[in-house]
Amino acid sequence: MSLAEVDRQQAIDAEGLPSQAELEAWVGAVLARLPDETRQELTVRFVDADESQALNRDYRGKDKPTNVLSFPFECPPGVPLPLLGDLVICHPVVTDEARDQDKALGDHYAHMVVHGTLHLMGYDHIEDDEAEVMEALERDILAGLGIGDPYRASGPPHRDSDPDDERADA
C-alpha cells in the first residue's frame, strides 16, 4: 500500500496520461524519502493548454501554458489536515517536452509529479543553492524509480520554456 493518497482528475481526453497507480508510486517515492512529512494527500489534475495558460497567467503572471503548477494547501492554524495541495499538469506541454528532449513520456511525467510534489512540501529552485538541493533530491528519487537524470541535456529546451530556466515551472 502506498503512503500517498492521490485524487486523480482528468480534464482532458488524451492518451498517455499516468494511471492512479503510477501517481501513487511517484508521490509515495517522494514521501518515502522525507519520512517526517505527515501530509500525504494531494490532487493531480491533467489539463489542456488553455486551462494551464489561464492558471499560469492568473497565479504566476506568465501568459503561456506550462508543464506543472503547484498549489500548496495552506492549513488553518490548529487544524491538522494531511493535505499537501494540488498539482496541475498540462498534458500537451509535457508531451511536447518529452518529445523535444527525447525522453520517455512516462519518465517525464514521473519527473513532473516528483518536482511538483517537492514544491508542495516547500522545496524551491529560485536561488541556485535551493535549486541544487531540490534537483539532487529529484535525481535521487527518480533514480530509485529507475529513471535517469531529468536534467541531463538530451535535446533542445521546450519552446514554451523560459530560456533562462530549463527547470520545471512549478
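Two residues are said to be in contact here when heavy atoms of one lie within 4.5 Å of heavy atoms of the other. This report uses that idea to describe a predicted model, in which local features need pLDDT of at least 70 and side-chain atom pairs count only at pLDDT 80 or more, while totals for chains, interfaces and linings use all residues. Residues are numbered from 1 along each chain as its sequence is written, and side-chain values use heavy atoms, with hydrogens and water left out.

**The sheet**

Helices (DSSP runs of H or I, at least four residues) and strands (runs of E, at least two) are numbered from the N terminus. Two strands count as paired if DSSP finds at least two bridges between them, and by this rule four strands form an open sheet in the order 1-2-4-3, with mixed pairing. Strand 1 and strand 3 stand at the edges, and because each has a single partner strand, one side of each is left without a neighbour in the sheet. The twist averages 15° from one strand to the next, where axes are lines fitted to C-alpha atoms, for helices over the stretch in contact, and angles run from 0 to 180 degrees between N-to-C directions.

Strands of a sheet pair through backbone hydrogen bonds, either parallel or antiparallel. Strand 4 shows both arrangements, for it runs parallel to strand 2, to which seven bridges join it, and antiparallel to strand 3 (residues 68–72), to which five bridges join it.

| Residue | Bridge partner in strand 4 |
|---|---|
| Glu 41 | Leu 83 |
| Thr 43 | Asp 86 |
| Phe 71 | Asp 86 |

A residue is called buried under 20% relative accessible area, exposed over 50%, and partly exposed in between, using a 1.4 Å probe and protein chains only. Six of the eight residues of strand 4 are buried, so this strand is largely enclosed by the rest of the structure.

**Helices around the sheet**

Helix 4 lies across strand 2, strand 3 and strand 4, running at about 145° to strand 4. Helix 1 (residues 20–33) has 14 residues and reaches 20 Å from its first C-alpha to its last, close to the 20 Å expected at 1.5 Å a residue, the expected span being 1.5 Å times one less than the number of residues. Among the buried residues of helix 1 are Leu 23, Trp 26 and Val 27, and its buried residues pack against strand 1 (5–10), strand 2 (41–47), strand 4 (83–90), helix 4 (105–120) and helix 5.

**Individual residues**

Is Glu 138 buried or exposed? Glu 138, which is placed in helix 5 (residues 128–144), counts as buried because its relative accessibility is 0%. Leaving aside residues up to four places away in sequence, Glu 138 touches His 111, Val 114, His 115, Leu 118 and Tyr 151. A polar contact is a pair of N or O atoms within 3.5 Å; within protein, one must be able to donate a hydrogen and the other to accept it, and residues adjacent in sequence count only if both atoms are side-chain atoms. The side chain of Glu 138 makes such a contact with the side chain of His 115, at 3.0 Å.

Arg 99, by contrast, belongs to helix 3 (residues 91–100) and is exposed, because its relative accessible area is 52%. Its side chain makes a polar contact of 3.2 Å with the side chain of Asp 96, and another, also 3.2 Å, with that of Asp 100.
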